[in-house]
Amino acid sequence: MSDSESTAPEKDPPPPQGPGGFGGRRRFWSARRVPAGLVALLTLVVAGAFLYDVAAVRAHRPALGWRRELARQLAERPLDDIWVLTGAGVATVLGLWLLLLALTPGLRALLPMRPTDPHVRAGLHRDAAAMVLRDRALEVSGVRSARVRVKRRRADVRAASHFREPDDVRADLAAVLDDAVRGLGLARTPSLSLRVRRPGRKGR
């Protein structure tokens with residue numbers, strides 16, 4: 001089996017500047033509806049339970065059993081108790097997870113495209129971009145199969161040749177895919193990582 005690998009330098013033409021001077025490079029932010037809904041529901045339930053219990057005590061009724069038990073446990077259990085440490089660990093992990101969701105854009109599968117209108121933002125799904133590059137790769141003579149993965153900064157292409165020399169196939173693929181990558185219209189044109197191999201004979 002013979003392999004041939006090439007990495008083309010990243011070509012990133014300067015896009016027109018949009019609002020805020022970011023030139024359309026900003027990633028799409030997820031609405032985070034499910035985490036936001038869960039946090040809002042949990043906050044509503046906890047706040048409502050405490051508010052109801054405080055109102056009951058103000059109305060000269062005994063506090064609910066769960067609040068009396070919670071107060072007793074917090075007063076009696078030492079800080080190094082296993083349940084206290086477990087609860088603190090769970091709360092810390094949950095808080096860090098919520099902070100991560102709040103500070104990261106999400107929608108990693110959606111790649112921003114170069115803006116043609118300052119009031120319109122467009123995006124291209126990674127799978128769609130990979131499908132375009134794969135179809136272009138299969139049009140090259142000598143390419144039997146191709147696998148493509150498109151990331152934010154790089155497009156990884158793995159092709160198998162069956163009757164031409166891998167170096168010749170790689171040269172044609174590099175020319176075709178370099179043009180195809182630029183034709184995707186992405187705000188950040190990914191660099192091209194290309195590898196061409198010739199499968200071994202069956203039984204080897």
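Helix α4 passes helix α5 in a right-handed crossing, and the contact is made by L133, R136 and A137 on the α4 side and by L173, V176, L177, D179, A180 and V181 on the α5 side. The structure is a predicted model, and its chain holds five helices and six strands. Along the sequence these elements follow the pattern β-α-α-α-β-β-α-β-β-α-β.

**Helices α4 and α5**

- Helix α4, covering residues 126–138, and helix α5, covering residues 166–183, pack with their axes 10 Å apart and at an angle of about 150 degrees; because angles over 145 degrees count as roughly antiparallel, α4 is described as roughly antiparallel to α5.
- Sorted by class, the residues in the contact of α4 with α5 comprise seven nonpolar and two charged ones, with no polar residue.
- D179, which lies in helix α5, is partly exposed, its relative accessible area being 40%.
- D179 and R136 both belong to the contact between these helices, and their C-alpha atoms are 9.9 Å apart in space, with a separation of 43 residues in sequence.

**Helices α1 and α2**

- Helix α1 (residues 33–58) packs with helix α2 (residues 65–76) at an angle of about 100 degrees, and the two axes are 10 Å apart; since angles of 65 to 115 degrees count as roughly perpendicular, that is how α1 and α2 are described relative to each other.
- On the α1 side the residues are A49, F50, D53 and V57, and these meet W66, R67 and L70 in α2.
- The loop between α1 and α2 contains H60, a residue that has a positive phi of about 65 degrees although it is not a glycine.
- H60 counts as exposed, because its relative accessibility of 76% is over the 50% cut-off.

- W29 is found in the loop between strand β1 (3–7) and helix α1, and with a relative accessibility of 52% it counts as exposed.
- Leaving aside residues up to four places away in sequence, W29 touches A102, L103, T104, P105 and L107.
- For P105, one of these contacts, the C-alpha to C-alpha distance from W29 is 4.3 Å, although 76 residues separate the pair in sequence.

**S161, in strand β5**

- S161 has its place in strand β5, which spans residues 154–161, and at 0% relative accessibility this residue counts as buried.
- When residues up to four places away in sequence are not counted, S161 touches G142, R144, P166, V169, V196, R197, R198 and P199.

**The chain as a whole**

- The chain has 204 residues, and buried residues make up 27% of them.
- Its accessible surface comes to about 13,900 Å², and 61% of that surface belongs to carbon and sulfur atoms.
- Of the contacts between residues at least 6 apart in sequence, 64% join residues that are at least 24 apart; the contact of W29 with P105 falls under this description, given that these residues are 76 apart in sequence.

Definitions and conventions: Residues are numbered from 1 along each chain as its sequence is written. This is a predicted model: local features need pLDDT of at least 70, side-chain atom pairs count only at pLDDT 80 or more; totals for chains, interfaces and linings use all residues. Side-chain values use heavy atoms; hydrogens and water are left out. Helices (H or I, at least four residues) and strands (E, at least two) are DSSP runs, numbered from the N terminus. Buried means under 20% relative accessible area, exposed over 50%, partly exposed in between (1.4 Å probe, protein chains only). Contact means heavy atoms within 4.5 Å. Accessible areas come from the Shrake-Rupley method with a 1.4 Å probe; for residues, only the protein chains shown count as cover. Axes are lines fitted to C-alpha atoms, for helices over the stretch in contact, and angles run from 0 to 180 degrees between N-to-C directions. Angles under 35 degrees count as roughly parallel, over 145 as roughly antiparallel, 65 to 115 as roughly perpendicular and the rest as oblique. A crossing is left-handed if the near helix is turned anticlockwise from the far one by less than a right angle, and right-handed if clockwise. Ala, Val, Leu, Ile, Met, Phe, Trp, Tyr, Cys and Pro count as nonpolar, Asp, Glu, Lys and Arg as charged, and the others, Gly among them, as polar.
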